[in-house]
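Have the structure open as you read.

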Amino acid sequence: MVAGSYLMTVIATDYLIIGAGLSGMAFADSLIAESDADVVLVDRRHRPGGHWHDAYPFVRLHMPSANYGVNSRALGSDSTDEAGLNAGLYERATAAEICTYFHRVLEEHLLPSGQVRFFGMSDYLGQGSNGHEFVSRLTGEAITVRVRRKLVDATYLESSVPSTHTPSFGVDPGVRLTAPNDLVALAEPGTGYTVIGAGKTAMDACQWLLDNGVAPEMLRWIRARDAWLLDRAFYQPLDQVATFIEGVSLQVEAAAQAHDVDDLFRRLEACGQLVRLDPTVEPTMFHGASVSAAELESLRRVENVVRKGRVVHLGADRIVLDEGSIPTDAGQVHVDCTAAGLKVATARPIFEPDRITLQQVRQSQPSVNAALLGFVEAARDDDADKNRLCPPNPYPDAAVDWIAWSYIGQRTEGVWSEEPDLQAWLGASRLNLARGFRDHLGDPRMQSALGRLIANREAAITNLAQLLP
């Protein structure tokens, strides 16, 4: 269903959602499950799925499929991988699988509900004198939308991916510069491969090259800064949920006992809640990316790591960086992984009288955040109360941002614990990583973790507030 199939130029709806990526889809799915609201969903792409349509083909979720997507439909089979770098952990969907999943959610659930209309290939123009406006990229038809309740902005934290961003550095003609997307289309081998970037995309590019036979000594990795990473083993659902609760309890214990910021990070590393690629380099970045122990070991095989700041210019025979330069050559393949990825934006109230700005609330769980906001919008009437329940928790960037990220999340969990309807919704939601933990109360690890959590949570919240930069 596209904009051109409507003859009318003015339509009305309860909620106009801009953006049909994960956040917009999960919010819409939850909202119509909890209310009889009418929804118009607008996206510039031809199908829902957001940035996954532009992602490199070998990307996977960095957390389990079991907790990703919309609440009403499972993604994958809730199985664990038997081989590879993710062996023993729950499966992680590919970009192609995710795009297909969101298409089926739309075609088989949202549209048949009669509550949702989707306008793809359409650009939102803003609010005019007669209402909100968008225009079809195919027909040029302009549509005015009269919104009875609220505009929902699902683009505020829109991701930036390599294939659609412009590098910040200059590039001489003839230099072999590629986005990770185009690695799979290389026709000639490189004399070497220089991966530019410090985040999850760069890690994925290095790992894909290693997996496809490129020797570690053929790789050069330009990392302007190193990152703290999450151990994926502590973010497993379902039958492994005791490990997740154990991880949370260890984080809370470290936060409660830390004497200062340095001591906090030493404790988090000692209990396995933060890991780093190079044990000799202090990370200054934290984006919440996860790795398995096997991935970490594999990536550490890349020993030629350049730490001279960011790339300023890619020349035919030399790469200029903030703090010096290094040689290159015409046959070298340079892989640009410098897109920002997650957007670090100033927090704003999520619920306002005429607008909802979708943002993160609970750490590292974007799907359950968006779906929970849909539930809260349907279940509560007062915006002040909704904002009390759902304070925005900005994506972290610097390492010290772990403190605010965790503080806001832990404080919010405490608020939720006093809300029976939220607890019931979370207990039933497939997106909730902690779902079903009570079914494992007989597990000694679960018993120990819950005891540690109860003993330290209040002290952790108090101490994190004092450690905030």
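Predicted model: local features only at pLDDT ≥ 70, side-chain atom pairs only at ≥ 80, totals over all residues.

Residues are numbered from 1 along each chain as its sequence is written, and side-chain values use heavy atoms, with hydrogens and water left out.

Searching the whole structure turns up 33 salt bridges, each being a side-chain nitrogen of Lys or Arg within 4 Å of a carboxyl oxygen of Asp or Glu. Here are three of them:

| Pair | N to O distance |
|---|---|
| Asp-14 and Arg-148 | 2.8 Å |
| Arg-104 and Glu-108 | 3.1 Å |
| Arg-380 and Asp-385 | 3.1 Å |

Salt bridges with shared partners also tie Arg-149, Lys-150, Glu-377, Asp-383 and Lys-386 into one network.

Buried means under 20% relative accessible area, exposed over 50%, and partly exposed in between (1.4 Å probe, protein chains only). Asp-14 is buried at 15%, while Arg-148 is exposed at 51%. Arg-380 is buried too, at 13%. Arg-104 is partly exposed at 40%, and so is Glu-108 at 44%. Arg-104 and Glu-108 sit 4 residues apart in helix α2 (residues 95-110), about one helical turn.

Now the sheet: helices (H or I, at least four residues) and strands (E, at least two) are DSSP runs, numbered from the N terminus, and two strands pair if DSSP finds at least two bridges between them. An open, mixed sheet has 3 strands in the order β12-β11-β13. β12 (275-276) and β13 (285-291) are at the edges with a single partner strand each, so one side of each lacks a neighbour in the sheet. β11 (residues 227-231) runs antiparallel to β12, joined by 2 bridges; Trp-228 has Arg-276 in β12 as its bridge partner.
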